[in-house]
Amino acid sequence: MIKEVIVVEGRDDTVAIKRAVEADTIETGGSAIGAAVIRRVKLAMERRGVIILTDPDFAGERIRKIVAQRVPGCKHAFIPEADATRKGDIGVENASPEAIRRALERVHTEMPGKESLIDWQDLIEAGLIVHRSAAARRMAMGNLLGIGYCNGKQFHNRLRMFQITPAEFASALAQIDNEGL
């Protein structure tokens, strides 16, 4: 049983989570997150803690930001887009139980107010921004670090927010460089 309550987008996501692990969920019902849902998430945060596990798409990221902004201190789990896609449809409900368990094993906790251990120049030198393959490199790096895919500015923010260390960054960078990305 996972101690924290997992915030997901809908009923199909809950079904997929329950196939993978024993856990309780709160469904946002999509991106129009009402006050009642936020109250439930806040209560869950106070009593048990919260893990946000949304779809690896624009709407999922929007929901993740809204919940994290209104309920500080949430933990985050990310499923790589490739593991959450079936027949062109992207969502947690499409992920295998193994992919869901892997994401939940690599949960990151927000560390608001902390300084970034990786600076902007590191991202440039790593080819994660201002590079012809920057998006592909960020996707690969985000999957390796378990922080998901996002644009350069948000990627830098996640590195800070989840306090990714220079050693973790260097290890993931070496791996994507070895893969020829």
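Is arginine 137 buried or exposed, and what is its relative accessibility? At 5% relative accessibility, arginine 137 counts as buried (buried means under 20% relative accessible area, exposed over 50%, partly exposed in between, with a 1.4 Å probe and protein chains only).

The model is predicted: local features need pLDDT of at least 70, side-chain atom pairs count only at pLDDT 80 or more, and totals for chains, interfaces and linings use all residues. Residues are numbered from 1 along each chain as its sequence is written, and side-chain values use heavy atoms, leaving out hydrogens and water.

**View 1. Salt bridge of arginine 137 and aspartate 177.** The two side chains meet at 2.9 Å, N to O (a salt bridge is a side-chain nitrogen of Lys or Arg within 4 Å of a carboxyl oxygen of Asp or Glu). Arginine 137 lies in helix α6 (residues 134-145) and aspartate 177 in helix α8, 40 residues apart (helices are DSSP runs of H or I, at least four residues, and strands of E, at least two, numbered from the N terminus). Aspartate 177 is partly exposed, at 40%.

**View 2. Aromatic pair of phenylalanine 78 and phenylalanine 162.** The rings are edge-to-face, 6.1 Å centre to centre with 70° between the planes (rings of Phe, Tyr and Trp, its six-membered ring, pair if their centres lie within 6.5 Å; planes under 30 degrees apart count as stacked, over 60 as edge-to-face and the rest as tilted). Phenylalanine 78 is buried at 9% relative accessibility, and phenylalanine 162 is buried at 7%.

**View 3. Salt bridge of glutamate 61 and arginine 64.** Their closest N and O atoms are 3.7 Å apart, and both residues lie in helix α3 (residues 58-70).
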